[in-house]
Amino acid sequence: MPATRTAALLLASATMLTLSATAPAFADGKPGDDDQPKPPAAMSTVGGALLGKPGTQAQLKPGAPVLPKDLTARSWIVSDAETGDVLAAHNAHWRLPPASTLKMLFADTVLPKFPKSQQHKVAPSDLQGIGAGSSMVGIKENETYSVHDLWLGVFLKSGNDAVHVLSAMNDGVENTVKDMQEHAEELQALDTHVVSPDGYDAKGQVSSAYDLTLIARSGLQKKDFREYCATAVAQFPGETKKIKKGKDKGRTKRGSFEIQNTNKLLTGALGISPYKGIAGVKNGYTSHAGNTFTGVAERDGKVLLVTVMNPSSGEAHAVYKETERLFDWGFKAAGKVDPVGELVAPKGATGAGKGAPGGDGKNGAAANMTHSSDGGSGGMGTALAVTGGVVVVLAAGVFLVRRRMPLPGQTGRRPRQD
């Protein structure tokens with residue numbers, strides 16, 4: 001066969017792979033279902049032009065695994081947590097209700113402000129304004145909790161009561177919402193509009209799969225954030241009660257109770273096993289938002305972030321099952337796809353990353369880009385200390401995550417594998 005014809009066939013083959021990857025993935029309902037909401041025709045292009053297009057975006061090289069066919073989420077994204085490359089995405093910038101995945105932004109904003117040993121006595125006013133039907137960890141008025149206890153309540157039980165107490169410590173809900181919005185804008189999570197700090201349904205409260213991934217990546221720079229989101233079970237302080245019998249009758253005693261992480265890829269559940277290599281991050285659900293989830297996992301030295309928003313299949317644990325499929329695909333596809341975009345650096349970095357507003361298409365975030373890791377008053381602009389390990393102890397085994405997840409430009413991009 002002439003060399004020119006062979007080259008033409010190879011080019012056609014590669015083109016077909018790319019086109020097949022960009023075909024719609026029925027994320028807005030079953031084929032022919034016109035009742036489901038549709039994404040805007042044009043969305044934000046932060047991170048790259050392809051990410052602003054509706055439908056599935058992927059650029060598969062010859063030999064790359066095909067994308068999972070059974071994906072029904074309205075929006076999803078698969079990214080390399082270290083390089084920032086977006087491996088594939090579907091309606092990445094569609095602004096949708098985030099539910100409790102917004103607590104990642106709450107934690108990334110507020111966690112550095114208070115040392116974990118600080119104690120706080122809960123006033124009745126701290127618990128005002130919690131939405132009906134909210135998830136709760138079980139905080140009681142007039143009891144004292146450490147900041148560490150409160151963050152366990154946020155990350156494990158998605159406790160809106162814990163969020164409101166920490167917000168009260170942060171000069172109130174209104175101020176906390178303001179802080180979160182400012183932090184989202186600093187991260188260039190520009191699809192995100194914050195109305196409530198806990199992710200409870202509120203008019204106008206939205207985020208996107210792209211933004212939630214940016215937020216998770218920022219949070220995972222912080223040692224405490226990583227450890228909380230990777231904790232499967234913990235003891236939480238109970239209510240102080242009088243002893244009614246025995247030699248200690250009349251005295252008071254405070255017990256505790258066990259809480260388990262609601263992230264089912266971390267703890268497992270009926271019909272779903274813990275995902276090998278999982279180390280967080282956060283799940284959410286409301287009747288308006290549906291199920292949402294952002295996860296981080298490591299396999300063979302590769303760390304991926306996956307966000308899935310509002311699957312419609314009706315499959316049990318659909319948000320976790322679709323996340324699993326995307327993780328499996330992402331680990332197999334590493335080095336076999338061309339990125340469709342990137343996770344941009346925060347505004348505070350020197351220079352904007354490729355795809356960021358004002359970016360020049362080159363690696364731009366400076367090596368001195370910094371994050372707070374262990375609390376204190378800093379956030380952006382404080383010492384970077386993200387090399388500590390996270391240990392996730394599960395029935396399926398022990399997984400160690402000792403990865404540093406730099407933001408774009410901190411270590412330079414790895415060479416492409418062709």
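Among contacts in the chain between residues at least 6 apart in sequence, what percentage join residues at least 24 apart? The share is 66%, where contact means heavy atoms within 4.5 Å. The model is a predicted one, in which local features need pLDDT of at least 70 and side-chain atom pairs count only at pLDDT 80 or more, while totals for chains, interfaces and linings use all residues. Residues are numbered from 1 along each chain as its sequence is written, and side-chain values use heavy atoms, with hydrogens and water left out.

The secondary structure of the chain comes to nine helices and 14 strands, taken as DSSP runs numbered from the N terminus (H or I over at least four residues for helices, E over at least two for strands). Of the 418 residues in the chain, 54% are buried, that is, under 20% relative accessible area with a 1.4 Å probe and protein chains only.

Two packed helices are described by the angle between their axes and the distance between the axes. Helix 2 (residues 103–110) and helix 3 (residues 147–157) pack at about 155° with their axes 10 Å apart; the axes are lines fitted to C-alpha atoms over the stretch in contact, and angles run from 0 to 180 degrees between N-to-C directions. Helix 2 and helix 3 are therefore roughly antiparallel, a term for angles over 145 degrees. Their contact is made by K103, F106, A107 and V110 of helix 2 together with W151, V154 and F155 of helix 3, and these residues divide into six nonpolar, no polar and one charged (Ala, Val, Leu, Ile, Met, Phe, Trp, Tyr, Cys and Pro count as nonpolar, Asp, Glu, Lys and Arg as charged, and the others, Gly among them, as polar).

From F106 one can turn to S196, as the C-alpha atoms of these two residues are separated by 9.6 Å although they are 90 residues apart along the chain. S196 is found in the loop between helix 5 (173–186) and helix 6 (209–219), and it counts as buried because its relative accessibility is 12%. Leaving aside neighbours within four places in sequence, S196 is in contact with L102, V177 and Q205.

Some backbone details remain. Most residues other than glycine have a negative phi, and most peptide bonds are trans. Q188, in the loop between helix 5 and helix 6, has a positive phi near 70° and is buried, with a relative accessible area of 5%. N310, in the loop between strand 10 (302–309) and helix 9 (318–333), has a positive phi near 60° and is buried at 14%. A cis peptide bond, with omega about 25°, joins G280 and V281, and V281 lies in strand 8 (residues 278–286).

Note on methods. Parallel < 35°, antiparallel > 145°, perpendicular 65-115°, else oblique. Buried < 20%, exposed > 50% of the residue type's maximum accessible area, 1.4 Å probe, protein only.
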